[in-house]
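Please keep the sequence and the model in view while reading.

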Amino acid sequence: MKWLFFVLFLFVASAGFTQKPSDALTGEHSLRERFLIMKSKSQSYGAYKVIKESTLDGVWKINLDSIDARKDALVAANGTIKNLQGQLDQKIATLKEKEQSMAAIQHDSTHIEVLGINMLKGTFITVMAVTIAALLLLLVLVVGRMKLQSNALHERSLAVSTLTNEYEDYKHRAMDKQTKLSRELQDERNKLQAMIRNS
């Protein structure tokens, strides 16, 4: 009998003090808050809590719905992350292409290719300046040498002309002398013949 009385007491007490489904199942509460409301408004029996099965099922359903919502949010977030990762990879590839293009433009702006040799423009300018200076020096040397040869040739020509003139002058003098000697010889012959005829 005590046993029946005790069970009846528990039933009446639990009916009066158990939580209402609307407390733990309604409103905007977090899962922890719902659990604490359900725990605090439930009847205690020794070390045990007496909770209505409908309330427990409702909280369990809300928990599952929250977990499903979080899974859906996680799936959506993962999709967004994949989409953003794809966009990021595309932007990185575009950026790399632009960097390569800019590196090629910068290389082209600082380098020049001459006879299949790729070199810096500063090096090319230096090589060209040294080459032009060497060619100008060579030209000055060639012009100077030609001038020296021209002077030497002119001096030789003058020497030859002087020698030729002296030779011609000597030749005329020698011819004049020879002619004079021939006349004197002829005069002497004539005198000799005249003497021979007179004797």
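The model is a predicted one. Its chain contains five helices and four strands, and 8% of its 199 residues are buried.

**Overall architecture**

- Read from the N terminus, the elements follow the order α-α-α-β-β-α-β-β-α.
- The chain exposes about 17400 Å², and carbon and sulfur atoms account for 64% of that area.
- Of the contacts between residues at least 6 apart in sequence, 39% link residues at least 24 apart.

**Helix α4**

- Helix α4 covers residues 53–110 and has 58 residues.
- From the first C-alpha of α4 to the last, the distance is 82 Å; this is close to the 86 Å expected at 1.5 Å a residue.
- Which residues of α4 are buried? They are T55, G58, V59 and I62.

- Strand β3 spans residues 111–114 and strand β4 spans residues 117–120.
- In what sense do β3 and β4 pair, parallel or antiparallel? The pairing is antiparallel and extends over four bridges.
- Two residues lie between β3 and β4 in this hairpin.
- V114 has I117 of β4 as its bridge partner, while I112 stands opposite M119 in β4.
- As a general point, side chains in a regular strand alternate between the two faces of the sheet.

- Helix α5 comprises residues 121–198, and L139 is located in it.
- L139 also belongs to a nonpolar patch on the surface, together with V127, M128, I132, L136 and V143.
- The residues of this patch have about 520 Å² of accessible area together.

**Salt bridges**

- How many salt bridges are counted in the model? The count is two.
- K61 and D65 are both part of helix α4, where they lie four residues apart, or about one turn of the helix.
- D65 has a relative accessible area of 39%, so it is classed as partly exposed, a class that runs between the limits of 20% and 50%.
- Another salt bridge is formed by the side chains of D169 and R173, at 3.5 Å from N to O.
- D169 and R173 are separated by about one helical turn because they are four residues apart in helix α5.
- D169 is likewise partly exposed, as its relative accessible area is 41%.

Note on methods
Residues numbered from 1 in each chain as written. Predicted model: local features only at pLDDT ≥ 70, side-chain atom pairs only at ≥ 80, totals over all residues. Heavy atoms only, no water. Buried < 20%, exposed > 50% of the residue type's maximum accessible area, 1.4 Å probe, protein only. Contact = heavy atoms within 4.5 Å. Areas by Shrake-Rupley, 256 points an atom, 1.4 Å probe, with all protein chains shown as cover. Pairing = 2+ DSSP bridges. Patch = residues over 30% accessible without salt bridge, like charges linked within 9 Å, V, L, I, M, F, W, Y side chains within 5 Å. Salt bridge = Lys/Arg side-chain N within 4 Å of Asp/Glu carboxyl O. Expected span 1.5 Å × (residues − 1).
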